[in-house]
Amino acid sequence: MLQNLDDLRNEALKAIDQGNSPEALNDLRVKYLGKNGELTLLLRQTGKLPAEQRPAFGQKANTIRAQIENLINEKREELIKVQQEKKIQEEKIDLSLPGYRLRKGSMHPITMVLDEIKDIFIGLGFSVVEGPEIETDYYDFQALNIPLDHPAREMQDTFYLSEDLLLRTHTSPMQARTMEAQAPQLPIKIIVPGKVYRRDEDATHTPMFHQVEGLLVDERVSLSHLKGILLSFAQQMFGQDREIRLRPSFFPFTEPSVEVDISCFACGGSGCRLCKGTGWIEILGAGMVHPNVLRMSGYNPQEASGLAFGMGVERIAMLKYGIDDLRHLFQNDLRFLRQFEN
Ligand code: DAH
């Protein structure tokens, strides 16, 4: 049986020497030292030996066990190290490779148009002011010559927060707020960009949209100033060849009131699908500030006169970029928005 031990040791050492992976060495550990391993089985037969041989056999078996165990561990570590080094070699980072490109975001078309509108009016000497989106009935309506129960209120279906508070239906309340804060000093020359709200929703209306209001109050302001300013705006926004025309209209806070059309930039005025064959495209409402409005906000209509205008930013963006459905602007569809990357 001692001979058996020697044979087993020699066989095991040879096998370990030839083992070429950590897994193979694990298998060898099981084969020789495991619960049913060859050495384990031999040891179990110790009882069959004459009593005086048992200690020597046991000792030898334990020595061999330790030897096999140590060799397996050593070899295994060696192999793992080799494997790791090989992996590191293979994964070598190539610093000359280009990095992952981060996709750049872009301005929303509404923001782009708002910025452009602001730039144009700043260039004409206007300053930009903003106002509250939660407004009082007084500033949204009464100070604009729309008294309580006046039928003109029906033009703007309103989100009321209480009897006196509402979501502003237009940017015009900032006309009254600005004049009130500055009266009787002249001049006032402001634009008011911002969000407005109305109870409206279909293909051409969203409950929230954007407007830019304009107000100029000074001595002897006339309709020709209004026309000159808006012509300059139309040409900078839609091309140097644009013309404008004023059509009579009605707003409670201006007298006279006008709708302003620009000559169609798609056909140059000869008539096409965009302008529905008329050669003209409506872009905003405007007029001369109503004397009542001046008076309520602290100006004497004998001394001061004003012009005002209000435009819808979505409409201008849709015209400018050829967007056919208002809802594209608010659905956050990246396929739409990415067209505005620059
Ligand atoms: N506030 C009007 C609206 O929302 C637009 C408007 C028309 C503003 C004429 C003006 C103006 O300042 O003079 O329908």
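N145 is buried, with a relative accessible area of 18%, where buried means under 20% relative accessible area (1.4 Å probe, protein chains only). The model is a predicted one, in which local features need pLDDT of at least 70, side-chain atom pairs count only at pLDDT 80 or more, and totals for chains, interfaces and linings use all residues. Residues are numbered from 1 along each chain as its sequence is written, and side-chain values use heavy atoms, with hydrogens and water left out.

In the chain, N145 sits in the loop that runs between α6 (137-140) and β3 (165-167); helices (H or I, at least four residues) and strands (E, at least two) are DSSP runs numbered from the N terminus. Apart from neighbours within four places in sequence, the residues in contact with N145 are P252, F253, H290, N292, V293 and M296, contact meaning heavy atoms within 4.5 Å. With H290, the side chain of N145 also forms a polar contact of 3.5 Å (a pair of N or O atoms within 3.5 Å, one able to donate a hydrogen and the other to accept it, with residues adjacent in sequence counting only if both atoms are side-chain atoms).

The protein chain as a whole contains eleven helices and nine strands. Its radius of gyration is 43 Å, well over the 20 Å that the globule rule gives for 342 residues, so the chain is more spread out than a compact globule. That radius is taken over C-alpha atoms, and the rule is 2.2 Å times the number of residues to the power 0.38. The C-alpha trace spans about 135 × 50 × 35 Å along its principal axes. Of the 342 residues, 41% are buried.

Definitions and conventions
Buried means under 20% relative accessible area, exposed over 50%, partly exposed in between (1.4 Å probe, protein chains only).
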